[in-house]
Amino acid sequence: MKLISLTRAVCAIVLLSAAPLAAQGMMVHDAYARSSTAASTSGAAFLMLMNHTGADDRLVGASSDVAEKVELHQHAEDANGVMRMGEIEGGVPIAVDAAHEFKRGGDHLMFLGLKRPLEQGDIIKVTLEFEKAGPVEIDVIVDQDRQPGHGTMDHSGHDKMNHAKHGDMSN
Ligand SMILES: [Cu+2]
């Protein structure tokens, strides 16, 4: 009998400590990936990251078994006014309780050297590497048909806010 009550006590502690964790950590919304054509050897993923870890953090890298390499990319205007994409130097800082949107025409995860074509509807595993939170594995659905700015979640309001906030792509 003593053993049973001890087990119950342990379970209660586990439940209590697990409950608040459900709303904590790095939260990922609306992650999807696509490539420009079925034969493309590169692709990109887009998602909304929310930092509920309780501390400022920074996305410093990413990897996936579908690609040789996953880079953190941004679109930025060069000296001639041409939009170009390139690696984000020093990673992507995400303040505590802030969100960062990786979206079409903006920051994105770039898959280089795809080992297999991104098939519509496939779920691919991507590991996001954070400075403090460490590796976080996420599921990303391949959605070739997704139109820019039309997520499964209605965040048309977010889009407007982010345009205003992140109007300066140089930061
Ligand atoms: Cu890119």
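Let me begin with Gln74, which lies in strand 4, residues 67-77, where strands are DSSP runs of E at least two residues long, numbered from the N terminus. Please keep in mind that this is a predicted model, in which local features need pLDDT of at least 70, side-chain atom pairs count only at pLDDT 80 or more, and totals for chains, interfaces and linings use all residues. Residues are numbered from 1 along each chain as its sequence is written.

Gln74 is partly exposed, because 19 other C-beta atoms lie within 10 Å; a residue is called buried at 20 or more such atoms, exposed at 12 or fewer, and partly exposed in between, with the C-beta atoms placed from the backbone. Between Gln74 and Gly105 there are 8.1 Å in space, C-alpha to C-alpha, although they are 31 residues apart in sequence.

Finally, two aspartates deserve a word. Asp30, placed in strand 1, residues 25-34, has a phi near 60°, a positive value in a residue other than glycine. Asp97, in the loop between strand 6 (92-94) and strand 7 (99-102), also has a positive phi, of about 65°, and Asp97 is exposed, since 11 other C-beta atoms lie within 10 Å.

Key
Helices (H or I, at least four residues) and strands (E, at least two) are DSSP runs, numbered from the N terminus.
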